[in-house]
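Good morning, and thank you for joining this group meeting. Please look at the model on the screen while I go through a few of its features.

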Amino acid sequence: MTSEETDPGEAPFVLYDIVDGVGTITLNRPQQLNPISHGPHSMQRAIIDLLVEADSDDSVGCVVITGSGRAFSSGGDVASGKRPETGLDWYWFLSEEDVDNERIRELRKPVIGAINGMCFGAALMMAAHFDMLIASSDARFGLIETRFGGTGAEALNYLIGPQWAKFMALTGELIPAAKAKEIGLVLEVVPPESLSAKAQDLGRRIAAMPRDTMIMNRRMINSGMNVSGWKAQKEAGIAFNAATNSCFSGHRAWNGERFSDLLGQGWERYKEVRDAPFAVSWFDTDW
C-alpha cells in the first residue's frame, strides 16, 4: 500500500504494509534524506493519516515507523515551501505541527520508531512522540537547526532531563546511538542489518498482548506524562520557539555572516559554514 504522492508520477511520500499484526510506515524520499514537510499533502500529514488508518484497523496491533535509504529523516523540509516570518506566523506553524505530533500520542495503539541513520530537528521532535525508539548503531540524533538559530528542544526536557536537553540545544552537537541509549532517548541499539527485524519483533510482541489492556496501560502512562508537565512544557516551548525563529534574519554564524545571506549563496555554502565548528564530534575529542 502507499499513501499520498508529491505529484502525479512521483514516488509516494510514505509506504505502508502490514505483516503479522504490525503496520510499517516507511518514509520514502531517500534521495532527499526523507525531509519532513508539514501542512496539507505533506510528509507529516501522510504519516498521521496512515497512523489513524492503522489505529482503526483491527488487524493491526502496533505500528513501526522507519526511513528508506541512509536516514530516518534529516529534519524539516527547508528546501521547499515558504518559511514563516513573523512571530505569529511561526506560532501557528509550530502549533499545527504539534497538533499532528500529539495525535500520535492520542492513538490507541503503540508506535515504535526504527531509527536508521540521521534523525534531526523536526524528525526528532516527531519521534519524541513515539512510544519506543530502536536505533541502528549508526544512528545520530540532534537539533541541528540550533546551529543556525532555530529551536525545538521542548519535548526533550521531559524525556532526557534538563542537562542533556541543554547540551543538545546549546551546542548543536549530534548524539550517537550508544549515547542516546545511555541517556534514555532510545530503548535499544542494534547493528543496521538487524534494525528492521528487531523493531518488527518488538511490534509483534506488543500486537500479541491483550488488546484492551495494552491500550489502557499506554493511555495511563501518557496521562501521567501530561499531568507531570509534558503538555505545559511544550506549550511554553512553542511560544519561545516562535519568538526565536522569527529573528532568523538577524542570526549570525560563527564567522559573522548572516545565515539569511548564506542561503542566498547556495545550500552547499550554507551547510559548509553552519557545520564547520562541528566537523569533529565533541564525543570524539580526547584531551
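I begin with a pair of helices. Helix 2 packs against helix 8, which covers residues 230-245, at an angle of about 150°. The axes of helix 2 and helix 8 are 8 Å apart. Please keep in mind throughout that this is a predicted model.

How are helix 2 and helix 8 oriented to each other? An angle over 145 degrees counts as roughly antiparallel, and helix 2 and helix 8 are therefore roughly antiparallel to each other. Their crossing is right-handed.

Helix 2 also packs with helix 1, formed by residues 43-55. Here the angle is about 25°, and the axes lie 10 Å apart. Because angles under 35 degrees count as roughly parallel, helix 1 is roughly parallel to helix 2. The crossing of helix 1 and helix 2 is left-handed.

Is Leu88 buried or exposed? Its relative accessibility is 54%, and exposed means over 50%, so Leu88 counts as exposed.

Leu88 also takes part in a feature of the surface. Together with Tyr91 and Trp92, Leu88 makes a nonpolar surface patch of about 350 Å².

Finally, I would ask you to locate Val22. Leu88 and Val22 are 66 residues apart along the chain, and a distance of 40 Å separates their C-alpha atoms.

Thank you for your attention.

Terms used. Residues are numbered from 1 along each chain as its sequence is written. This is a predicted model: local features need pLDDT of at least 70, side-chain atom pairs count only at pLDDT 80 or more; totals for chains, interfaces and linings use all residues. Side-chain values use heavy atoms; hydrogens and water are left out. Patches are made of residues with over 30% relative accessible area and no salt bridge: like charges are joined within 9 Å, nonpolar side chains (Val, Leu, Ile, Met, Phe, Trp, Tyr) within 5 Å. Accessible areas come from the Shrake-Rupley method with a 1.4 Å probe; for residues, only the protein chains shown count as cover. A salt bridge is a side-chain nitrogen of Lys or Arg within 4 Å of a carboxyl oxygen of Asp or Glu. Buried means under 20% relative accessible area, exposed over 50%, partly exposed in between (1.4 Å probe, protein chains only). Axes are lines fitted to C-alpha atoms, for helices over the stretch in contact, and angles run from 0 to 180 degrees between N-to-C directions. Helices (H or I, at least four residues) and strands (E, at least two) are DSSP runs, numbered from the N terminus. Angles under 35 degrees count as roughly parallel, over 145 as roughly antiparallel, 65 to 115 as roughly perpendicular and the rest as oblique. A crossing is left-handed if the near helix is turned anticlockwise from the far one by less than a right angle, and right-handed if clockwise.
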